[in-house]
Amino acid sequence: MSESFIDESMIEMYLFEMLQGIEQLETAVLSSEKSSEFSLDAINEIFRIMHTIKGASAMMSFTSIASCAHYIEDLFYFLREQKPLRIECSILSDLVFEGVDFIKVELQKVKNGDEIDGEASSLIKKIEEYLARLKQQNAATDDTDPSFVQQSYVADETKAQNMSACENYSYKATIYFQEGCEMENVRAYAIIHKLKEIADEIYFSPEDIIEDDDTVMIIREHGFQLYCKTEKDYEEMQIFFNQTVFLRELELIQLEDDQPITHSIGDQVPAIENIVTAVEAVKKVATNTVTNQSIISVSVNKLDQLMDLMGEMVISEAMVTQNPDLKGLALDNFQKAARQLHKITSELQDTVMSIRMVPLSTTFHKMHRVVRDMSKKLEKDVELQLIGETTEVDKNIIEHISDPLMHLIRNAIDHGIESATERISLGKKAISTITLEAKNAGSDVVVLVRDDGKGLNKEKILSKARENNLLFKPEDEMSDKEIYSLIFLPGFSTKENISEFSGRGVGMDVVTKNIESVGGSVSVDSVAGVGSTVTLKIPLTLAIIDGMNIKVGHSCYTIPTIAIKESFRPKPDETFTDLDQQDMIMVRGQCYPIIRLHERFCVNTDVKDFCQGILVMVEQDGKIVCLFADQLLGQHEVVVKPLPNYIRDIRKIVGIAGCTLLGDGSISLILDIGGLVGNNIT
Amino acid sequence: MAELMSSEFLLDTEEDTQKDKFLTFSVGNEAYGIEIKYVTEIIGIQPVTEVPELPNYIRGIINLRGKIIPVMDVRLRFKKEFLEYNDRTCVIVVDINDLSVGLIVDSVAEVMSIPETEIVEPPQVSKSSNKFIKGIGKVGNEVKLLLDCNKLLSEDEFNVINDLGQEK
């Protein structure tokens, strides 16, 4: 098939459909496995999904995926029709999962634009063997005769109406495919699909090529017949049909111009009027379903655009209501209207935000599969418990937490949970539980991964950290929490794992990195013998934050309000300098380092004395520093924008998270407290 | 067929209007030219927000109708002395490989066409001094230095290494 009719949007659509199908499939198989029986509904569903996958993949000429799906479909067709009494559930689900995994790998290749080169033959053989065994068990088989029916097809209603207006040639074509090319029906459909672009009117037989698999046999024996009307001349049509993949033989006959197509097909094809009414009937059905449908899928790009516009609007609103021209004027009515505007924009903002919110449930349900595979492999009985899966987070964020969650669960099963015998000897339940819990906490979402395994071993962590020279303060001064959080350091888990069981080459630092890239944080807590809990704290959204604007010299900076603990002007005797020329301040008996923002960012300012400026105490990940600025400007909602690509390409600036536009159109840099705090300590 | 011809013709003319056209501007005593296809717009100097830790020739970022773009002082880029901005100072917004960047120049002159026949290779006197210059255009008695935009934006590694060294 020529590449021309497969374009980006089709691939995107295809991938979307496939992933959705696979997700449904996995859920169906997992629930069947749990109840250790495949219900009729489940079998039907799996059959249907596999059929869709096969059809769509063949359309896109991803043959390996299509043939894999084809055999699984065959298997389930047999199950559906024959209802064998004894199905070995685990073997069946293993087979399906193997197939699904194969398809997933291939889909990933499609997504990356790589060559689809996977070989499904060994898998297909397995499925065939299994099917043969099943068939033996249920000797009686019953075949239904394939029916030969003609179908008429109108590519486009409007085109059909215009047909009489323009000059057309009619053709009759019979196409034979090469033997053994498989799925002739789908290939035939692909031809029709392509033909729709150049021909006005298409009739073909056998009908139902997509829905009815028996047509494969008919096409194999009698060839695929089609009649079409088009403006192209004979040679062009010849070329067109010759492009078909696996074409063995082509008979192309040009029919006389004024001879109606219907005539050549004979009585079996209804007159055009009938077709039109049929199309109308279909349309009616279509409109009916449309009114019933309450969910639409929108591309994320459009939502991003909407979000950007929303951001612009928040800024414009501030530009109007805080316009310097209005200063000092008593404008009661204006203020009233401005308040109304503010109310509406913030409501609008919430709504736009909520559109982008997606429940965590799909991500959580994916973990069932991870748990199943791991527990089978390691022979540990693990049950996954989900709490609060309806918690919603921003679409962008969901993409970033799926991988970390998977790593955490793998780690928990691999290193945390003891073997069944060990558990029984310890007096625990043989079946261990991993709990995945999500909940809202202010402007954050907290996701907990809890296991009831043996917990983290402090001694081992410490010795490992000593080996790799990762300790940044004396051991006896470290709190439990600090010791546990050592496992998140890069270089900790890459070499040898604490539990001596080989890891998957994925360190906890990857988890931290992923979560931090969306502005979240990770912490871990553990009780020896009882289990450990990893806590992911993720912001609800990235786009709009509440920020405090501060001024240093002529520059304006924004600190996320969440990070601010307090701000104050120190007395002269409270500040001092240590031996490394690091400014410190004593507040209520606690000592905190001070970062002079004007020095840090090389800004000229007249305010260099702590007593003339202001100190803002900020906290991130339990570390506290004081930032020294000239003055506070006030608190606003700001829209986070990334720094221009050009600047990010040149250098990653530590301590700046992005920038934002202020009400007066000037730019303020948003401080990355995590970067500032971390940078100060090392 | 006739329709096809005319549309092709249109395309041709559209390309033609940009071909050999250069926007000329001055930095110091020299006149420079930049290919017109890169230029998005020309604006007056705007308040620039400084961004720390950047090479000195990148003055910071400006707000161009809601779009945030970095601005580069071409004077500093060419290692000339910094000159206070005045009302002749202009920002030429260029779009190179989907990167929008503002170039701060002393003043903008005009758009002129310099046919290929009038452009000569820069003389190979020293390697470093003319790396930004793609060619030299002759217009009457004057000489315009034609800039290579890609080189202008690409960071010269020598500088980065130097900067890093100083930080440590």
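Is Glu53(B) buried, partly exposed or exposed, and how many other C-beta atoms lie within 10 Å? Glu53(B) is partly exposed, with 17 other C-beta atoms within 10 Å. A residue counts as partly exposed when that number lies between the limit for exposed, 12 or fewer, and the limit for buried, 20 or more. The residue belongs to the loop between S3 and S4 of chain B. Its backbone also stands out: phi of Glu53(B) is near 65°, a positive value in a residue other than glycine. Most residues other than glycine have a negative phi. We will meet this feature again in chain A.

First, the whole model. This is a predicted model. The predictor gives the complex an ipTM of 0.76 and a pTM of 0.50. Chain A has 682 residues, and 31% of them are buried. Its secondary structure comes to 22 helices and 23 strands.

Chain B has 168 residues, of which 26% are buried. It holds four helices and eleven strands. For chain B, 52% of the contacts between residues at least 6 apart in sequence join residues at least 24 apart. The mean pLDDT of this chain is 79, and 79% of its residues reach 70 or more. One stretch needs care. Over residues 160–168 of chain B, pLDDT stays under 50. The model has two contacts beyond four places in sequence for that stretch.

Stay with chain B and look at its strands. Five of them form an open sheet in the order S3-S6-S7-S5-S4, with mixed pairing. The edges are strand S3 (39–44) and strand S4 (58–64) of chain B, each of which pairs on one side only. On average, neighbouring strands of this sheet are turned by 30° against each other, direction ignored. One bridge sets Ile62(B) against its partner Ile69(B) in S5(B). Glu53(B), where we began, sits in the loop between the two edge strands, S3 and S4 of chain B.

Now turn to where the chains meet. In this model, 19 residues of chain A are in contact with 17 residues of chain B. On the chain A side, helix H21 (645–650), strand S22 (656–661) and strand S23 (667–671) each supply at least two residues. H21(A) gives the most, with four residues. What kinds of residue make up the side of chain A that touches chain B? They divide into twelve nonpolar, four polar and three charged.

Strand S16 (residues 575–577) and strand S17 (residues 583–587) of chain A run antiparallel, joined by three bridges. Thr577(A) has Asp583(A) in S17(A) as its bridge partner. The two strands form a hairpin with five residues between them. In the turn lies Gln581(A). Like Glu53(B), Gln581(A) has a positive phi of about 65° although it is not a glycine. Its place is in the loop between S16 and S17 of chain A. Is Gln581(A) buried or exposed? It is exposed, with 6 other C-beta atoms within 10 Å.

The chain then turns again. S17(A) pairs with strand S18 (residues 590–596) of chain A in the antiparallel sense, over four bridges. Met586(A) stands opposite Cys591(A) in S18(A). This second hairpin has two residues between the strands, and Arg588(A) takes a positive phi near 45° there.

Finish with a helix. Helix H9 of chain A covers residues 234–242, and Met237(A), Phe240(A) and Phe241(A) in it are buried. Seen down the axis of H9(A), these buried residues fall within an arc of 90°, so they line one face of the helix. What does the face turned away from the buried side carry? There H9(A) carries the exposed residues Glu235(A), Ile239(A) and Asn242(A).

Note on methods
Residues are numbered from 1 along each chain as its sequence is written. Chains are lettered from A and ligands numbered from 1 in the order in which they are written. This is a predicted model: local features need pLDDT of at least 70, side-chain atom pairs count only at pLDDT 80 or more; totals for chains, interfaces and linings use all residues. The arc is that of the directions from the helix axis to the C-beta atoms. pLDDT is the predictor's confidence in each residue, from 0 to 100. Two residues are in contact if their C-beta atoms, placed from the backbone, lie within 7 Å. Ala, Val, Leu, Ile, Met, Phe, Trp, Tyr, Cys and Pro count as nonpolar, Asp, Glu, Lys and Arg as charged, and the others, Gly among them, as polar. Two strands pair if DSSP finds at least two bridges between them. Axes are lines fitted to C-alpha atoms, for helices over the stretch in contact, and angles run from 0 to 180 degrees between N-to-C directions.
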